[in-house]
Amino acid sequence: MADKGIEKAEKEAKASVISYARLWGESPVPPALLATLVAAQHARPPQFLPLLFPPALLFSTYLNINDYKIDAAGTSAAWSALYLFLARRRKHPLMQKWGTRGIIRGATMGLCVANLLGGGFVYAIGKRSNDASGKDGAGII
């Protein structure tokens, strides 16, 4: 009896984690928030390579609002992974990690990880049911 209860609780826990990841990946808010944090970090003084990320992330939000949720999730996951890869290369002394900029940098990188996991999950399991031709993988052309 106890084994069945434990198995049921484990299934519910897994389902809830999966549902949270799916909701996160399908939401237009996380890429917009990430674009805001990236722009705030790199606007003053202007750093041009990191400032290429906010327009791409906002385009992902635009795709999501226009019902291209799977494509938006993949785009958001890809750009988040690329930003995370580039941001991990910068090294900061210990005292700078706990200042205002360090906390915002940590929040940005944490949001990148969440976007990567949620968006990658939605892109991996997503099915395009609203294609014009009715086949999966068919593009606009």
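Select W79 to begin: this residue is partly exposed, at a relative accessible area of 30% (partly exposed falls between buried, under 20%, and exposed, over 50%, with a 1.4 Å probe and protein chains only). W79 sits in helix α4, residues 69–89 (helices are DSSP runs of H or I, at least four residues, numbered from the N terminus). The model in your viewer is predicted, so local features need pLDDT of at least 70 and side-chain atom pairs count only at pLDDT 80 or more, while totals for chains, interfaces and linings use all residues. Residues are numbered from 1 along each chain as its sequence is written, and side-chain values use heavy atoms, with hydrogens and water left out.

Together with W79 they make up a nonpolar surface patch with about 290 Å² of accessible area. Such a patch joins nonpolar side chains (Val, Leu, Ile, Met, Phe, Trp, Tyr) within 5 Å, using residues with over 30% relative accessible area and no salt bridge. The areas come from the Shrake-Rupley method with a 1.4 Å probe, and for residues only the protein chains shown count as cover.

Now turn to the rings. How many aromatic pairs does a search of the whole structure find? There are three, where a pair means ring centres of Phe, Tyr or Trp (its six-membered ring) within 6.5 Å; planes under 30 degrees apart are stacked, over 60 edge-to-face and the rest tilted.

Is F53 buried or exposed? F53 counts as buried, at 3% relative accessibility.

Keep F53 on screen and bring in Y83. These two are also an edge-to-face pair, with 5.3 Å between centres and 75° between planes. F53 is in helix α3 and Y83 in helix α4, so the pair ties together parts that are 30 residues apart in sequence. Y83 is buried, its relative accessible area being 3%. Display F53, W79 and Y83 at once and you have one aromatic cluster.

For a last stop, select S60, placed in helix α3. S60 is buried, with a relative accessible area of 1%. Which residues does S60 touch, not counting those up to four places away in sequence? They are P31, A72, T75 and S76, with contact meaning heavy atoms within 4.5 Å.

Conventions
Patch = residues over 30% accessible without salt bridge, like charges linked within 9 Å, V, L, I, M, F, W, Y side chains within 5 Å. Salt bridge = Lys/Arg side-chain N within 4 Å of Asp/Glu carboxyl O. Helix = DSSP H or I, 4+ residues; strand = E, 2+ residues; numbered from the N terminus.
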